[in-house]
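Hi everyone, thanks for making time for this. I'd like to walk you through a structure step by step, so please have a look at it with me.

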Amino acid sequence: MAEDFPLIVKGTIDKLVSDKCAALQAQYPGLLWAEVDDMLQTDAAFKGQGPALLWQFGSFVPDPRAPLYEIEFSVGARTVADPSNYALIDLVSQLRDVFRADQEFQLFNYILSTASPADAFSKGFVRVISNEISPQMFDRQSGIRYAVIRGKAVNFG
Amino acid sequence: MADLARALGRFAHTPLLGWNAVTSAWDDTELRGRLQVYDRFITERDFGQRKRILTLSGDRTLPAAYSVIRLGTSPTVYMLESLNQDIEGEAVYGTTFALHQAPFHVRVCREVVETLQSGAKRKTGAEEVLFDTWVNLSRYSAVDSREFPLTDFTIYTVYFPRNVVATTDMYVRRLDNNELLDITEVFQSLEIPAARVQRRG
């Protein structure tokens with residue numbers, strides 16, 4: 001259904017960020033991830049002392065009309081007591097590498113419970129057209145930095 | 001030493017009944033004590049109406065299985081907040097219990113959260129009932145809403161019986177008025193766990 005497409009996009013980005021978080025656990029033990037508008041998880045990600053991967057859904061507009069869309073979202077990281085911000089830049093680099101410019105990622109229905117069988121059919125794809133690092137934001141003892149991702153999405157409907 | 005213990009024991013006639021969660025009945029612990037006069041500022045916000053001192057002779061203590069107790073035929077429920085031994089020479093001749101009244105019967109619950117295939121968590125709307133217990137509630141402060149400037153939330157401190165394990169993903173449902181209290185912080189107060197909670201709504 002067309003009205004579920006933003007949810008499919010969000011679920012897919014959740015999946016890509018959470019998979020990256022799992023892959024980085026050996027290098028950054030206790031690494032968390034959160035979608036920054038998710039009040040369930042942001043407390044732990046923003047108030048904890050450990051590092052966290054972050055992402056935020058920006059805009060999602062028909063371009064020029066459905067089923068073609070232009071989307072924008074941010075991916076980044078937060079670190080605490082990070083000398084020279086090396087861990088911060090490393091985390092941002094590793095996460096933005098998932099969404100490289102001029103590459104595509106397929107969209108699947110990942111918003112099903114883990115108890116349900118996986119839905120193997122692609123619902124569309126996003127072609128990333130730009131991937132740019134933004135200025136660093138500071139929150140007293142911690143730093144946050146994002147990369148802004150822009151892309152064109154296609155809904156297979 | 002035996003003389004001191006005998007002197008204390010002479011006045012210790014009040015039976016301690018312990019709540020047995022398995023049988024849902026009050027067991028006679030076979031301990032006998034004596035309530036002492038006590039009146040102090042005893043919690044962060046309450047005057048001394050919620051604590052009592054009970055002395056027992058010898059070195060007997062409340063068995064670990066009991067979290068809440070009653071005294072004789074009184075319906076008042078207490079928690080054991082701390083225990084001090086009185087020692088002369090090498091022997092314990094008496095034990096002083098600090099009792100904390102627990103007038104509120106509550107149900108401790110947790111919202112069921114499922115993990116999606118995306119790795120994100122979602123509340124299912126279901127409630128998991130963990131246990132019922134007695135607690136004391138003490139109003140702590142109000143806190144401003146971060147979203148609505150004219151809204152304040154009421155903050156309480158909840159004192160739990162000593163065997164309770166509370167975590168910040170739980171909430172407390174008062175069984176007298178159905179109010180919901182979200183646990184935001186857990187800490188230790190003497191020998192009982194305490195929690196800062198925020199009233200919902």
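Let's begin with a word we'll need: two residues are in contact if their C-beta atoms, placed from the backbone, lie within 7 Å. Keep in mind that this is a predicted model. Now, with that word in hand, look at chain B: among its contacts with a separation of 6 or more, 52% join residues 24 or more positions apart. Of the 201 residues in chain B, 28% count as buried.

What is chain B built from?

In which order do six of the strands of chain B close into a barrel? The order is β1-β2-β3-β6-β5-β4, with antiparallel pairing. From one strand to the next, the twist averages 50°. Helix α1 of chain B, residues 2–11, packs on the sheet and touches β2, β3, β5 and β6 of chain B. The direction of this helix makes about 35° with that of β6(B).

Let's zoom in on one pair. In chain B, strand β5 (residues 77–88) and strand β6 (residues 91–101) are joined in the antiparallel sense over ten bridges. Here B:Ser82 stands opposite B:Ala98 in β6(B).

Finally, where do the chains meet? Twelve residues of chain A are in contact with eight residues of chain B. On the chain A side, α1 (5–23) and α2 (39–47) each supply at least two residues, and α1(A) gives the largest share, four residues. That side of chain A divides into five nonpolar, five polar and two charged residues.

Conventions:
Residues are numbered from 1 along each chain as its sequence is written. Chains are lettered from A and ligands numbered from 1 in the order in which they are written. This is a predicted model: local features need pLDDT of at least 70, side-chain atom pairs count only at pLDDT 80 or more; totals for chains, interfaces and linings use all residues. Two strands pair if DSSP finds at least two bridges between them. Axes are lines fitted to C-alpha atoms, for helices over the stretch in contact, and angles run from 0 to 180 degrees between N-to-C directions. Ala, Val, Leu, Ile, Met, Phe, Trp, Tyr, Cys and Pro count as nonpolar, Asp, Glu, Lys and Arg as charged, and the others, Gly among them, as polar. A residue is buried if 20 or more other C-beta atoms lie within 10 Å of its own, exposed if 12 or fewer, and partly exposed in between; C-beta atoms are placed from the backbone.
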